[in-house]
Amino acid sequence: MTTHTDSALLDALQHQVAVFARRAEQSRLGGVGQARNSMDRAAYLLLNRLDQEGPMGVKALAAGMGIDSSTVTRQVAPLVDSGLVSRATHPEDGRAVVLQLSERGRARLDEVRTSRRALMALVTDQWSEEERASFTTLLTRFNASLSDITASLTPPGPAS
């Protein structure tokens with residue numbers, strides 16, 4: 001049962017999340033300097049995942065990001081066209097294709113990360129390292145919980 005105090009705190013939390021979402025969208029949390037706002041969120045998340053997890057197929061990429069394969073296919077196409085992502089034959093199944101971060105993609109991702117890191121440093125300039133670490137831990141936990149709840153509320157797709 002939610003108490004009055006809990007309700008007030010949850011109201012404040014949902015309000016701050018809404019303000020954060022608006023501010024993040026306004027700034028696109030794009031960073032500072034020349035690379036500011038130079039890569040959209042979808043491209044950044046896809047490139048980052050390929051960098052961290054290595055080459056993978058569209059289905060694995062979609063599953064790992066919690067989005068539909070057709071969405072990944074649509075979002076990856078311009079990244080392939082611009083040379084940031086390359087397609088290769090799957091080493092174990094010559095019929096399958098894997099996506100991988102190209103050298104150009106890695107360089108571009110590094111540039112954007114540097115810009116975004118500078119923005120995070122600027123935003124949290126008055127924070128201690130402990131505060132930064134705590135915020136990161138809590139935000140990671142919040143995102144994981146939100147992802148879990150969203151996944152549980154999404155009806156399953158057609159059986160394959």
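This is a predicted model: local features need pLDDT of at least 70, side-chain atom pairs count only at pLDDT 80 or more; totals for chains, interfaces and linings use all residues.

Going from the N terminus, the order is α-α-α-α-β-β-α-α. The chain has 160 residues, and 24% of them count as buried. If you look at contacts with a separation of 6 or more, 48% of them come from residues 24 or more positions apart.

Now let's go to helix H2, residues 41-53. First, a quick check on its length. Which residues of H2 are buried? They are Ala43, Tyr44, Leu46, Leu47, Asn48 and Leu50. As for what sits over them, the cover includes helix H3 (58-65), helix H4 (69-81), strand E1 (85-89), strand E2 (97-101) and H5.

H2 packs on H3 at about 110 degrees, and the axes are 11 Å apart. That angle makes H2 roughly perpendicular to H3. On the H2 side you'll find Leu45, Leu46, Arg49 and Leu50, and they meet Leu61, Gly64 and Met65 in H3. Sorted by class, this H2 and H3 contact has 5 nonpolar residues, 1 polar and 1 charged.

Next up is H5, which covers residues 103-123. The same length check works here: 21 residues at 1.5 Å a residue should give 30 Å, and the end C-alpha atoms of H5 are 30 Å apart, so this agrees as well.

How do H2 and H5 meet? Their axes come within 10 Å and cross at roughly 115 degrees. So H2 is roughly perpendicular to H5. The crossing of H2 past H5 is left-handed. From H2, the contact uses Tyr44, Leu47, Asn48, Asp51 and Gln52, while H5 brings in Arg106, Leu109, Val112, Arg113 and Arg116. By class, that contact of H2 with H5 comes to 4 nonpolar, 2 polar and 4 charged residues.

Staying with H5, its buried residues are Gly105, Arg108, Leu109, Val112, Arg113, Ser115, Arg116 and Leu119. And what do they pack against? The buried residues of H5 pack against H2 and E2.

Let me zoom in on one of them, Arg113, in helix H5. Is Arg113 buried or exposed? Its relative accessibility is 18%, so Arg113 counts as buried. Leaving out residues up to four places away in sequence, Arg113 touches Tyr44, Asn48, Asp51 and Gln52.

With a relative accessible area of 36%, Ala121 is partly exposed. How far is the C-alpha atom of Ala121 from that of Arg132? The separation is 9.6 Å, for two residues 11 apart along the chain.

That's my tour, and I'm happy to go back to any of those contacts on the screen.

Note on methods. Residues are numbered from 1 along each chain as its sequence is written. Side-chain values use heavy atoms; hydrogens and water are left out. Axes are lines fitted to C-alpha atoms, for helices over the stretch in contact, and angles run from 0 to 180 degrees between N-to-C directions. Helices (H or I, at least four residues) and strands (E, at least two) are DSSP runs, numbered from the N terminus. Angles under 35 degrees count as roughly parallel, over 145 as roughly antiparallel, 65 to 115 as roughly perpendicular and the rest as oblique. A crossing is left-handed if the near helix is turned anticlockwise from the far one by less than a right angle, and right-handed if clockwise. Contact means heavy atoms within 4.5 Å. Ala, Val, Leu, Ile, Met, Phe, Trp, Tyr, Cys and Pro count as nonpolar, Asp, Glu, Lys and Arg as charged, and the others, Gly among them, as polar. Buried means under 20% relative accessible area, exposed over 50%, partly exposed in between (1.4 Å probe, protein chains only). The expected span of a helix is 1.5 Å times one less than its number of residues.
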